[in-house]
Every structure is written in structure tokens, then in C-alpha cells.
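Welcome! Take a moment to look over the protein below, and then we will walk through its core and its charged pairs.

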Amino acid sequence: MALADLSAIAGFRKRGPWPPDQPPGTYTFWAPDDDLHGVLVTMIRSAAHSLVLAVYGFADDDLAAAVHDRLDDPACYVSLTLDSSQAGGVHERAILAKAAYPSNSVAIGQSERHRIMHLKVAVIDMADRVTGSTNWSTAGESLQDNELTVVRSRVQAADARAKIDLVHESMLTAAAAKAAK
């Protein structure tokens, strides 16, 4: 159910009207004022063909359910990259059980420089990039001061996907090397 256009998420802005010169295809939301939770759930659920995530960690039941739905869909490729310091939570453990599905790839580890992987980025159907400072948790989405930007741009989606793929592959390579020891 890919979004025909991003205006479907415009209603999640709660702190007043959009600026008069709001660029089409770009929406920035601010917590705690706007409904960042609604934006994230809507965007994740909209993935029809591919969902590529690099998420530091998340503790949001609705987002976990949305990711599970995509993981369960054999028509949707899912790549999930998680930081090892945050991947021990209940949501992450349930997702890891689905890592062996043929249309899914899950990597857990550290950044390419052996530090935390602190990204919070989603690439949806190679058309939309979702990014910002927002941790995928109740606090991050609705209590803390955070930013979430959604951009419809195949160029920006491809750029983000290239970086996520590098981090993902680095984590898979490190895990294989560790397993081989």
C-alpha cells in the first residue's frame, strides 16, 4: 500500500499550518508537538516492495508490528540493520526469529568503525527516505525534542540505501568472521 503522495502524512503535523512555501515531497515533523508516531507507522506500513531500515534501536509496539508485517510479506524485501548495544530488546528478539525468511536480511553489529550504529533511517520502496534524530520509542516520538523528516526523492533514497547497505554488509561480514573463529 505505497503512498500515492506524501500529502497523506501532512495531517500528522499538530503545531499549526505548514509554511507557505512548503516544498512538495518534503515534510519535517517535530516532537513532542507533532505526531511522529503516526508518521512512522504510516510510512513503514506503506512499504510495498522494499523496506530498508537502519535503526539504533526501538521500543515501540506499533512500529514493531508494522516491521513484522513487512517481514512476513514475501513480496516485500526487508533489510534491517540494528546496533548490537540495543538489539537485545523484546522487539528485536522477535524480529530476529524472522531473519531467515528468504526475502529478509537482518544484521546486528557495530558501525564500520566499531562504534555504535546510531542511524535512524528508513528507505521505502526506493522512493521515500525517512530520517531524523527520533528514536523509535514513546519517549523519542512524543516526549523528547526530536525531528523526523520524510522526503520523496529517488536520489536521496538511493543515497541513503547505499550507506545503509555498506553498514549492513560490514555487520554481516564481521558476524561471519566471528562465527568462523
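Which residue forms a salt bridge with D69? The partner is R45, and the closest N and O atoms are 2.3 Å apart. A salt bridge here is a side-chain nitrogen of Lys or Arg within 4 Å of a carboxyl oxygen of Asp or Glu.

This is a predicted model, in which local features need pLDDT of at least 70, side-chain atom pairs count only at pLDDT 80 or more, and totals for chains, interfaces and linings use all residues. Residues are numbered from 1 along each chain as its sequence is written, and side-chain values use heavy atoms, with hydrogens and water left out.

**Salt bridges**
- The structure holds 6 salt bridges.
- D69 lies in helix α2 and R45 in helix α1, so their pair ties together parts that are 24 residues apart in sequence; helices are DSSP runs of H or I with at least four residues, and strands are E runs of at least two, numbered from the N terminus.
- E112 and K163 also meet in a salt bridge, at 2.6 Å from N to O.

**Nonpolar cores**
- The largest nonpolar core has 36 residues; such a core is a set of buried Ala, Val, Leu, Ile, Met, Phe, Trp, Tyr and Cys residues joined through side-chain atoms within 4.5 Å.
- Buried means under 20% relative accessible area, exposed over 50%, and partly exposed in between (1.4 Å probe, protein chains only).
- A second, separate core of 11 residues includes V121, A157, A160 and M171.
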